[in-house]
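Please read the points alongside the coordinates.

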Amino acid sequence: MILEIQELDMKMIRLMNVKKQRRNELHNVQKELDDVVHKAAGKDEHIAATRKDLRILETQITDVNARIEKAEAKQNAIKKVEEFNAMTGEITSAQREKTRLESQASEVTDRLVAEEEGIQDLKKEVKRVQDTSKSLQKELTGAIEEINSEGVLLQKERASLAANADHDLLEIYERLLHNKKDRVLVAVENRTCSGCHIVLTAQHENLVRRGERPVFCEHCARLHYWKVEEEGPSGDVAVKRRRKK
Ligand SMILES: [Zn+2]
C-alpha cells in the first residue's frame, strides 16, 4: 500500500518538476516579449527626439534665411561704402551659419532615415515575437492546466490509498519523503540497501525479512522492505505481492 502511495508521490514530484519547468518557460517567453517591446519603445523615443532636433534646426535655418534677406534688402538701400561693407560682412557670416546649420540638418536627416529603417525592422521583430509568444503561451498554459488536472487525479487516488494504509507507517514514510523528496521506502536486495547501495548486515536483513516493525537503513535512514522474489509465471508474482502487503 505504501509502495503504491510512494509511486504516486514520485509521479507527483515529477509532475511538479515539469510544471516548474513549464512555468519558467512561460516566464522566459514573457520576458523576451517585454524586452523587445521595451527596446522598440526606447527607439521610438529616440526617433521622436531626433525629429525634434531636426525641427529646431529647420527653424534656425528659416531664421537665418530671414536675416540674410533682411540684410540684403538693407544693403540695396545703402549708399555709403563702409555701411555696405559692414552689411556684406553680416551677410557672409549669416550665410556661413546657414551652411553650418544645413549640414547639421542633413546629418540629422540621414540619422533619422537610418533610425526609421531600424525601427521598422524592430517592429517586425516585435510582431514576430508577439505571434510566437502567443502560441507558446497558449501551449504552455494548456500544459500547466493539464498538469494541474493530472495532479488532482493523483491526489484523489493517493487519498483513497492513504485512507486504507497503516497510519503509523504512512506517517513515518511521509516524514522521510518530506526530507528526501525521493523514494524512501526501498527494498533490500542482495543484502544491500537499494536506496544508498551500501551493504547491510545479515542481522539487519533478517529484521527486514521478518517485517515485524519498521526497519531503517542505518546509512541513509530510508525505510526497508523485503522484496519477494518476482520469478515464475506472472500469476505467482501477483499472489506474492498481495501477500507481502
Ligand atoms: Zn540506505
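1. D131 and K127 are 4 residues apart in helix α2, so about one helical turn separates them. They form a salt bridge, with the closest N and O atoms 3.1 Å apart; the term means a side-chain nitrogen of Lys or Arg within 4 Å of a carboxyl oxygen of Asp or Glu. Helices are DSSP runs of H or I with at least four residues, strands runs of E with at least two, numbered from the N terminus.

2. This is a predicted model, in which local features need pLDDT of at least 70, side-chain atom pairs count only at pLDDT 80 or more, and totals for chains, interfaces and linings use all residues. Residues are numbered from 1 along each chain as its sequence is written, and side-chain values use heavy atoms, leaving out hydrogens and water.

3. D131 is partly exposed at 42% relative accessible area, and K127 is partly exposed at 46%. Buried means under 20%, exposed over 50% and partly exposed in between (1.4 Å probe, protein chains only).

4. The structure holds 16 salt bridges. In one of them, K123 pairs with D44, the closest N and O atoms being 3.4 Å apart.

5. R191 forms a salt bridge with E205 at 3.3 Å between the closest N and O atoms. R191 is partly exposed (34%), whereas E205 is buried (10%).

6. There are 0 disulfides, a disulfide being a pair of cysteine sulfur atoms within 2.5 Å. C193 is buried at 0% relative accessible area, and C217 is buried at 3%.
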